[in-house]
Amino acid sequence: MEFERISKFFGAHRVLVDLDLQVQPGEKVTLIGPSGSGKTTVLRLAMTLEKPTGGDIRIFGESILFDSAGKPLSTSQEARIRRRCGMVFQQFNLFPHLTVLQNLVLAPTTVLRQSKEQAENTALEYLRMVGLEGKVHAYPAQLSGGQQQRIAIARALILKPEILLLDEITSALDPELAGEVLDVVRGVAHETKVTLLIVTHEMRFAREVSDRIAVFDAGRIIEQGSPDKIFSYPECDRTRAFLQSVLNH
């Protein structure tokens with residue numbers, strides 16, 4: 001995944017400034033920095049939920065914005081490329097009127113055209129992966145927030161994305177439930193080849209799962225490097241101030 005000179009404005013407010021970022025296949029990259037620094041916008045651009053004001057974004061060398069003639073992609077072209085990515089949001093976004101199993105099989109049967117039996121068998125595999133195989137017939141309202149978020153992770157993974165985007169997935173959870181969710185992501189990071197692009201304020205988690213950390217401030221990456229470099233030997237005063245603030249909170 002490549003972000004090349006990406007800028008993004010919301011009205012007169014500039015959220016991203018000439019952003020250059022590359023994520024290699026299988027790499028686990030975490031974006032950290034103060035709220036409002038542009039991190040979530042990066043993920044939303046990658047999923048085509050927002051359009052950049054300028055620049056280009058490529059997934060496995062293919063632009064998600066323009067065709068070979070430089071014209072904007074059609075909706076179907078965009079959807080084809082976007083299917084290589086999955087995203088888990090801050091809010092769980094499960095369908096409240098569907099059971100856990102129904103939530104998981106909906107996309108495979110409609111997007112991938114799988115049979116109901118095949119989709120259900122796959123769903124059970126992913127429910128075991130997130131430790132919730134016993135909740136097949138439960139409705140979202142019967143689950144804790146942590147359980148709902150683990151279901152949301154399984155729902156994203158069931159489409160077998162090559163890139164998984166995680167946006168502050170524990171921000172709505174208390175620490176105990178957040179720990180359950182982060183354990184699932186640790187498993188995904190260590191046991192699969194999926195590329196991860198993560199936005200989080202959980203610094204210990206970021207240090208454990210990341211190959212590389214990029215520090216954002218005011219719409220720019222001010223420094224990036226290995227977790228050890230960023231947490232132990234940061235170069236920028238702004239990085240040191242941010243880490244001191246969040247680690248001592």
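This is a predicted model: local features need pLDDT of at least 70, side-chain atom pairs count only at pLDDT 80 or more; totals for chains, interfaces and linings use all residues.
Local features need pLDDT of at least 70 and side-chain atom pairs count only at pLDDT 80 or more, while totals for chains, interfaces and linings use all residues. Residues are numbered from 1 along each chain as its sequence is written, and side-chain values use heavy atoms, with hydrogens and water left out.

Helices and strands here are DSSP runs numbered from the N terminus (helices H or I, at least four residues; strands E, at least two). Helix H5 (residues 145-157) packs against helix H6 (residues 175-191) at an angle of about 20°, and their axes are 8 Å apart. H5 is therefore roughly parallel to H6; angles under 35 degrees count as such. Axes are lines fitted to C-alpha atoms, for helices over the stretch in contact, and angles run from 0 to 180 degrees between N-to-C directions. From H5, the contact (heavy atoms within 4.5 Å) involves Gly145, Gly146, Gln149, Arg150, Ile153 and Leu157, and from H6 it involves Leu177, Glu180, Val181, Val184, Val185 and Val188. By class, this contact of H5 with H6 has seven nonpolar, three polar and two charged residues. Ala, Val, Leu, Ile, Met, Phe, Trp, Tyr, Cys and Pro count as nonpolar, Asp, Glu, Lys and Arg as charged, and the others, Gly among them, as polar.

H5 also packs with helix H3 (residues 100-110), at about 25° and with the axes 9 Å apart. H3 is therefore roughly parallel to H5. Here Val100, Asn103 and Leu104 of H3 meet Ile151, Ala154 and Arg155 of H5.

On a 1 Å grid over the protein atoms alone, a cavity is a set of points where a 1.4 Å probe fits but cannot get out, and a pocket is an open set with protein on both sides within 12 Å along at least five of seven lines; lining residues have an atom within 4 Å of a point. Grid points are joined across faces, edges and corners, and a volume is the space filled by probe spheres set on the points.

The largest pocket has a volume of about 550 Å³. Among its 25 lining residues, Met47, Met87, Ala107, Arg155 and Leu159 are the closest to its centre. The second largest pocket holds about 190 Å³, and H6 gives the most to its lining, with five residues.

One cavity of 30 Å³ or more is present. Residues including Leu166, Ile169, Leu182 and Phe205 line the largest cavity.

Notes
Angles under 35 degrees count as roughly parallel, over 145 as roughly antiparallel, 65 to 115 as roughly perpendicular and the rest as oblique.
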